[in-house]
Amino acid sequence: MAGFTNKGAFTILGIVFRAATAPTTFYLALATNAVAPTADTNTLSELTQVTGSFGYTTNGTAVARNATDFDTLTENDSNDRAELQLKDYTWTAAGGTIANIRYAVLTDDNATPGSRVILVYWDLGSLISLADGQSLTLQNLELRLSAA
Amino acid sequence: MEKPLLPLDPTKPVRWTVRNADGTIAQEGTALPAFTFVEKLNEATSEKKEEDQSQET
């Protein structure tokens, strides 16, 4: 599955309607299949990140809070929802294997990486390993806000 | 570079592609978007009323 965590929805509503402080930067991190994120997942420390070597940086890649990194925002009246997509992100294995990639998660920028709130998570549906020289590109990571 | 082979699927807009060093595709897949629902206030109110009425009877 994929979705917003409860903590993520709480955080987003707080920012929009109660002027809570928004993250300056988000992070897109990769997690293994050891622990599946759910709506109840709160922080990055609750998941098992992909080992930070050979091209994957522990705690993820910075995602700026702007229209460059969140490059597509659509009001979809046909399906009664709004859609927000991230630009494409690519990781390339260099010098070894990046193993056991299953989930991508978007976090806030808490100074303590393990305490970063997981706002949104995506299940890639397969366990992916990148051999030396291979790359993984994630396209159209999408967030949908729907009227049920 | 080899273009993604999987057709676009509006229900699974997220696409991932593993490429070899020469750009050929080794593996690819699609995934669901992250979504949440905004509960309609009138429906929620309506359900609450029905629930209250059933408890009264």
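The largest nonpolar core in this predicted model has 39 residues. Ala104(A), Val105(A), Val120(A), Tyr121(A), Trp122(A), Leu124(A) and Leu136(A) have the most contacts inside that core.

**The core**
- Strand 8 of chain A gives the most to this core, putting in 8 residues.
- Leu124(A) is worth a click: leaving aside residues up to four places away in sequence, Leu124(A) touches Ile101(A), Arg102(A), Tyr103(A) and Ala104(A) in chain A, plus Trp16(B), Gly29(B) and Ala31(B) in chain B.

**The sheet within chain A**
- Five strands of chain A make an open sheet in the order 1-8-7-2-3, with antiparallel pairing.
- Strand 1 (3-4) and strand 3 (61-64) of chain A sit at the edges with a single partner strand each, so one side of each has no neighbour in the sheet.
- Strands 2 and 3 of chain A are held together, in the antiparallel sense, by 4 bridges.
- Thr25(A) has Ala64(A), in strand 3 of chain A, as its bridge partner.
- Helix 1 (residues 6-18) of chain A lies across strands 1 and 8 of chain A, and runs at about 140 degrees to strand 8.

- The link between the chains here is strand 9 of chain A against strand 1 of chain B, antiparallel and joined by 5 bridges.
- In that pairing, Leu136(A) stands opposite Val18(B); Leu136(A) is also on the list of core residues with the most contacts.

**Chain A overall**
- Chain A comes to 1 helix and 10 strands, and from the N terminus its elements run β-α-β-β-β-β-β-β-β-β-β.
- The radius of gyration of chain A is 15 Å, close to the 15 Å from the globule rule for 148 residues, so chain A is as compact as a globular protein of that length.
- The C-alpha trace of chain A spans about 45 × 35 × 25 Å along its principal axes.
- Among the 148 residues of chain A, 34% count as buried.
- Of the chain A contacts with a separation of 6 or more, 71% are between residues 24 or more positions apart.

Technical notes: Residues are numbered from 1 along each chain as its sequence is written. Chains are lettered from A and ligands numbered from 1 in the order in which they are written. This is a predicted model: local features need pLDDT of at least 70, side-chain atom pairs count only at pLDDT 80 or more; totals for chains, interfaces and linings use all residues. A nonpolar core is a set of buried Ala, Val, Leu, Ile, Met, Phe, Trp, Tyr and Cys residues joined through C-beta atoms within 7 Å. A residue is buried if 20 or more other C-beta atoms lie within 10 Å of its own, exposed if 12 or fewer, and partly exposed in between; C-beta atoms are placed from the backbone. Helices (H or I, at least four residues) and strands (E, at least two) are DSSP runs, numbered from the N terminus. Two residues are in contact if their C-beta atoms, placed from the backbone, lie within 7 Å. Two strands pair if DSSP finds at least two bridges between them. Axes are lines fitted to C-alpha atoms, for helices over the stretch in contact, and angles run from 0 to 180 degrees between N-to-C directions. The radius of gyration is taken over C-alpha atoms; the globule rule is 2.2 Å times the number of residues to the power 0.38.
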